[in-house]
Amino acid sequence: MSYSGSCHCGTVAFTVDADLPNEATSCNCSHCRRKGFLLTFVPIEALDVESGEENLIAYTFNKHEIEHLFCEECGCQPFGVGIGPNGEELAAINLRCVPEADLDLLTVLKVDGASL
Ligand SMILES: [Zn+2]
């Protein structure tokens with residue numbers, strides 16, 4: 001199965017070749033807490049950006065290892081890309097940008113990013 005999402009204005013649209021997860025990661029770091037992400041992580045190959053790739057702007061901070069990509073038009077950040085702990089390139093999908101994800105049914109896994 002796969003699922004689809006977009007930024008608010010619809011410029012950036014994407015599909016993820018994976019089942020919708022029933023868990024999401026919520027992190028309390030200085031960046032995540034401000035944006036309120038509910039994230040799921042997939043191999044970069046599973047992310048298919050169908051439109052708007054040229055409209056994405058990368059924000060980086062700290063070690064600048066993760067590209068936090070946001071739409072230049074509406075500012076939504078539907079996903080980010082970076083290197084996972086195993087050295088593989090990952091995409092962090094913001095489930096808040098996936099309309100078919102029922103956010104109230106997700107088991108939220110809290111990550112203490114603020115202390116890392
Ligand atoms: Zn947008």
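This is a predicted model: local features need pLDDT of at least 70, side-chain atom pairs count only at pLDDT 80 or more; totals for chains, interfaces and linings use all residues.
Residues are numbered from 1 along each chain as its sequence is written, and side-chain values use heavy atoms, with hydrogens and water left out.

**View 1. Cysteines hold the donor atoms of the zinc ion.** The protein donors are Cys7 (SG), Cys9 (SG), Cys71 (SG) and Cys74 (SG), lying 2.3 to 2.4 Å from the ion. Donors here are N, O and S atoms within 2.8 Å of the metal (3.2 Å for Na, K and Ca); water is not among the atoms, so sites may look incomplete. Angles of 105 to 114° among the four donor atoms make the site tetrahedral, a label given to four donors if all angles lie between 85 and 135 degrees. For comparison, the ideal angle for four tetrahedral donors is 109.5 degrees.

View 2. Strands (E, at least two residues) and helices (H or I, at least four) are DSSP runs, numbered from the N terminus. Is each cysteine buried or partly exposed? Cysteine 7 counts as buried, at 2% relative accessibility, while cysteine 74, at 27%, counts as partly exposed. Buried means under 20% relative accessible area, exposed over 50%, and partly exposed in between (1.4 Å probe, protein chains only).

**View 3. Strand E7 pairs with E6 and with E8.** Strands E6 (residues 56-59) and E7 (residues 67-71) run antiparallel over four bridges; two strands pair if DSSP finds at least two bridges between them. Look for tyrosine 59 opposite histidine 68 in E7. E7 also pairs in the antiparallel sense with E8 (residues 79-83), over three bridges, and leucine 69 has phenylalanine 79 in E8 as its bridge partner.

**View 4. Cysteine 32 lies in helix H1 (residues 32-35).** With a relative accessible area of 11%, cysteine 32 is buried. Not counting residues up to four places away in sequence, cysteine 32 touches Cys27 and Phe37, where contact means heavy atoms within 4.5 Å. The C-alpha atoms of cysteine 32 and glycine 113 are separated by 8.6 Å, although these residues are 81 apart along the chain.

Conventions
Four donors count as tetrahedral if all angles lie between 85 and 135 degrees; four count as square planar and six as octahedral if opposite donors are over 155 degrees apart and all others between 65 and 115; anything else is irregular.
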